[in-house]
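Visitor: I would like to learn how to read a protein model feature by feature. Could we walk through one together?

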Amino acid sequence: MTRAADDAVRHAGEGNLVTVASGASPSGPIHLGNLREFLTPHFVAEELRRRGIAVRHLHSWDDYDRFRKVPAGVPAEWADHLGRPLSAVPDPWGCHDSWAEHFKAPLRASLDELGVRMDEISQTQMYQAGTYREQILHAIRHRDRIDEVLGRYRTKAATAAETDEEAAELAASIANEDEPAGAGELARFPYKPWCEQCGRDTTDVTAYDDESTDLAYTCRICGFSGSTNVASQDGGKLVWKVDWPMRWAWEKVNFEPAGLDHMTPGSSYTVGQELVSSIFAWQAPARVTYAFVGIAGMQKMSSSSGGVPTPADALAILEAPMVRWLYTRRAPKQAFTIDFGPEVVRLYDEWDALRKKAANPAKRDAQVLAFERASSTVAGGTLPVPAVAVPFRTLSSIADVTAGSADLISQVVEHVGFPHTSVDELEPRLGRAMAWTASLPASERTTVRSTPDTARLAALSEDEELWLRIFLDRLPAELDLDSATTVVYGVPKVARGLGFDDAPTDEVKADQKEFFTLLYNLLVDADRGPRLPTLIVALGHDTVRTLLGA
């Protein structure tokens, strides 16, 4: 991030405002892979703010993009909106003004929680307000030069493909980004009008007059033939590979990240960096490329397909600084996978260990810098963390056993050695632990027995009977974590004639393993579960004695 900040300053020129940019199409849920598009410029902007350099994070919502496909779970009749701007497609769930707004809103809320502040631009509003009229006319006047560049990169892309399959993928990608806007001499027209009749972009430019700027078109879907005047009307947009470099110049962008898929031969960035200088008199912004983010083994995400975790899903389980940390602790080009299963517990352990390390000035290193960048922002200060940081594995184990009662969890937490004055002091981690535990499949949850296992109690061996007798005799009425730990580990020692504080022999260690399994069997009908001392404190003295047949 520091190197990217240096590059952005060099691009802007010393003393000038630095513009870092991001962009996203609200075609579907903005998932955790898309989040890199937002966080990368955010971290660069934060680095510049720490240096006292004037910077703005400008985000473009590409809500003037076409609606490309109907995802699963959306009524089939939404196919009638294919080809229309995302901002003109109604929200099938009825809670927002448009399809685009439906997917912008939750991302905005998540970014606010993550401390990301940015100036937002709606491309629908920009185009419809006529903001880009001069840029559009400029591109049309230079359409032959644009077509020459696009044609050359189409050839490069095909040459770079090593297999027929790669060539087909590249061709599909290019066609997807630059669909022909016309036919014949106008086949590669850089501006695509929306059909006045049906509102779609399924139009072919049939005529254009450079002097009057009158443009005629026909619609391939509804058959309408119409016309528009580019100099005075705003019913269309530049094709994507021309639109992006045009906006770099108009917005004076000095830094913008891009996914690896934008860096292939003939892709948006490689074409754009030539068009922006040769057509729009601007230098391509400094950049970093970022790799994909997977979810528990999933490969590249597609936000229009749905069904992939979003930042809101992550924030339901991970504290906001931790979500930021997942991204800032890795180079953007490094792909990684977020595992919302058992790995969450290890992730919290790692985060807590790093927090303790960061508190020691003698241990400052790159890891600590990543922690600091994740934990606070220049304008907003420190992001919310619990006043009393109970280990996540402890909170989740207690939440599992207590069926998610916040007040009961608070009481147990007090007993296991984390004094606090209110449940609020455990937040936001407590809510995350409860949500994560509730999300686990039944096979991974802990189910406390409702009645004693009389059959198992009747079949106890002599050693097992002795262990339970000692355990019930030594179990204190007022439980805390230390006393429960002492009894759980000490019972097999006493049974072999040792004291609670004596070192265990090999025989005792073997007995402890069997004894622990017995307790799990009798308390939660399993061979393993949460740490036994925590489980015993969570269940309480009376419940434990009842289930053990006292």
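This is a predicted model: local features need pLDDT of at least 70, side-chain atom pairs count only at pLDDT 80 or more; totals for chains, interfaces and linings use all residues.

Visitor: How many helices and strands does the protein have?

Guide: The protein has 22 helices and 14 strands. Its radius of gyration is 31 Å, well over the 24 Å that the globule rule gives for 550 residues, so the protein is more spread out than a compact globule. The C-alpha trace spans about 105 × 55 × 45 Å along the principal axes. As for burial, 51% of the 550 residues count as buried.

Visitor: Now the rings. How many aromatic pairs does a search of the whole structure find?

Guide: The search returns 24 aromatic pairs. To read one, look at the distance between ring centres and the angle between planes; planes over 60 degrees apart count as edge-to-face. W244 and Y269 have ring centres 6.2 Å apart and planes at 70 degrees, so this pair is edge-to-face. W244 belongs to helix α8 (residues 240–251) and Y269 to helix α9 (residues 268–278), so the pair ties together parts that are 25 residues apart in sequence.

Visitor: Are W244 and Y269 buried or exposed?

Guide: Both W244 and Y269 are buried. Another edge-to-face pair is F471 with F515, at 6.0 Å centre to centre and 65 degrees between the planes. This pair links distant parts of the chain, 44 residues apart: F471 is in helix α18 (residues 462–474) and F515 in helix α20 (residues 506–524). F471 counts as buried at 1% relative accessibility, and F515 at 0%.

Visitor: Which residues form an aromatic cluster?

Guide: Y64, Y127, Y132, W194 and W250 form one.

Visitor: Last, the strands. How many bridges join strand β2 to strand β3?

Guide: In a regular strand, side chains alternate between the two faces of the sheet. Here β2 (residues 55–61) and β3 (residues 119–122) run parallel and are joined by 4 bridges. H59 stands opposite E120 in β3. Together with helix α3 (residues 99–113), β2 and β3 make a right-handed β-α-β unit.

Technical notes. Residues are numbered from 1 along each chain as its sequence is written. Side-chain values use heavy atoms; hydrogens and water are left out. Rings of Phe, Tyr and Trp (its six-membered ring) pair if their centres lie within 6.5 Å; planes under 30 degrees apart count as stacked, over 60 as edge-to-face and the rest as tilted. Helices (H or I, at least four residues) and strands (E, at least two) are DSSP runs, numbered from the N terminus. Buried means under 20% relative accessible area, exposed over 50%, partly exposed in between (1.4 Å probe, protein chains only). Two strands pair if DSSP finds at least two bridges between them. A crossover is right-handed if, with the strands pointing away from the viewer, the path from the first strand over the helix to the second runs clockwise. The radius of gyration is taken over C-alpha atoms; the globule rule is 2.2 Å times the number of residues to the power 0.38.
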